[in-house]
Amino acid sequence: STTKGEGYVRLQGGMLLMRNAIEALHWFAIWTDLTKTMLHDVETGGPQSERWEALYKEFKGPSQAALAFLLTQGQLEQMKHQEVCCSSVRR
């Protein structure tokens, strides 16, 4: 399924299968920090507030928006093509 506005591929929770290792915990910490940064910028009118607010609305939640941003390393255009963003494991 895709988001309604930009047509980004909507991420499904089952796509994130990670082993219980320090690398996975570190990755989740980065995700959490990015989500908190996104919320803080939107609430306080921070430097990226417009960008984060648009992603928040597109993905209908801050954690999904942060996840999309993190997985694409900021190259969100990848999220418009399922074969590019979601068909293979990236290392």
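Mentor: We begin with a term: a helix here is a DSSP run of H or I with at least four residues, and helices are numbered from the N terminus. The model before us is predicted. Under that definition, Glu53 lies in helix α2.

Trainee: What share of the residues in the chain is buried?

Mentor: A residue counts as buried when its relative accessible area is under 20%. The chain has 91 residues, and the buried share of them is 34%.

Trainee: Among contacts with a separation of 6 or more, what percentage joins residues 24 or more positions apart?

Mentor: A contact requires heavy atoms within 4.5 Å. Among the contacts in the chain with a separation of 6 or more, the percentage from residues 24 or more positions apart is 51%.

Trainee: Which residues meet in a salt bridge?

Mentor: Side chains of opposite charge can pair when their charged atoms come close. A search of the whole structure finds one salt bridge. Its N to O distance is 3.9 Å, and the residues whose side chains meet are Lys57 and Glu53.

Trainee: About how many helical turns separate Lys57 and Glu53?

Mentor: Both residues belong to helix α2, which spans residues 49–59. Because they are four residues apart in that helix, their separation is about one helical turn.

Trainee: Is Lys57 buried or exposed, and how does Glu53 count?

Mentor: A relative accessible area over 50% counts as exposed, and one between that and the buried limit as partly exposed. Lys57 has a relative accessible area of 58%, so Lys57 is exposed. Glu53 has 34%, so Glu53 is partly exposed.

Trainee: At what angle do the axes of α1 and α2 cross, and how is α1 placed relative to α2?

Mentor: Two packed helices are described by the angle between their axes and the distance between the axes. The axes of α1 and α2 come within 8 Å, with a crossing of roughly 115°. That angle makes α1, relative to α2, roughly perpendicular.

Trainee: Which residues of α2 take part in the contact with α1?

Mentor: The crossing of α1 and α2 is left-handed. On the α1 side the contact is made by Leu34, Met38, Leu39, Asp41 and Val42. On the α2 side the residues are Ser49, Trp52, Glu53 and Tyr56.

Trainee: Which residues of α3 make the contact with α2?

Mentor: α2 and α3 pack with their axes 8 Å apart, at an angle of about 110°. The two helices are therefore roughly perpendicular to each other. From α2, the contact involves Arg51, Trp52, Leu55, Tyr56 and Phe59. From α3, the residues are Pro62, Gln64, Ala65, Ala68 and Phe69.

Trainee: Why is helix α3 described as largely enclosed, and what covers its buried residues?

Mentor: Helix α3 covers residues 62–71, and seven of its 10 residues are buried, so it is largely enclosed by the rest of the structure. These buried residues are Pro62, Ala65, Ala66, Leu67, Ala68, Phe69 and Leu70. Their cover includes α1 (22–44) and α2.

Trainee: Which residues of α2 are buried?

Mentor: The cover over the buried residues of α2 includes α1 and α3. The buried residues themselves are Ser49, Trp52, Leu55, Glu58 and Phe59.

Trainee: Where is Lys60, and what is its phi?

Mentor: Most residues other than glycine have a negative phi. Lys60 sits in the loop between α2 and α3, and it is exposed, with a relative accessible area of 60%. Its phi is positive although the residue is not glycine, with a value near 60°.

Trainee: How far apart in space are Lys60 and Thr3?

Mentor: In sequence, Lys60 and Thr3 are 57 residues apart. In space, from C-alpha to C-alpha, the distance is 8.8 Å.

Methods
Residues are numbered from 1 along each chain as its sequence is written. This is a predicted model: local features need pLDDT of at least 70, side-chain atom pairs count only at pLDDT 80 or more; totals for chains, interfaces and linings use all residues. Side-chain values use heavy atoms; hydrogens and water are left out. Buried means under 20% relative accessible area, exposed over 50%, partly exposed in between (1.4 Å probe, protein chains only). A salt bridge is a side-chain nitrogen of Lys or Arg within 4 Å of a carboxyl oxygen of Asp or Glu. Axes are lines fitted to C-alpha atoms, for helices over the stretch in contact, and angles run from 0 to 180 degrees between N-to-C directions. Angles under 35 degrees count as roughly parallel, over 145 as roughly antiparallel, 65 to 115 as roughly perpendicular and the rest as oblique. A crossing is left-handed if the near helix is turned anticlockwise from the far one by less than a right angle, and right-handed if clockwise.
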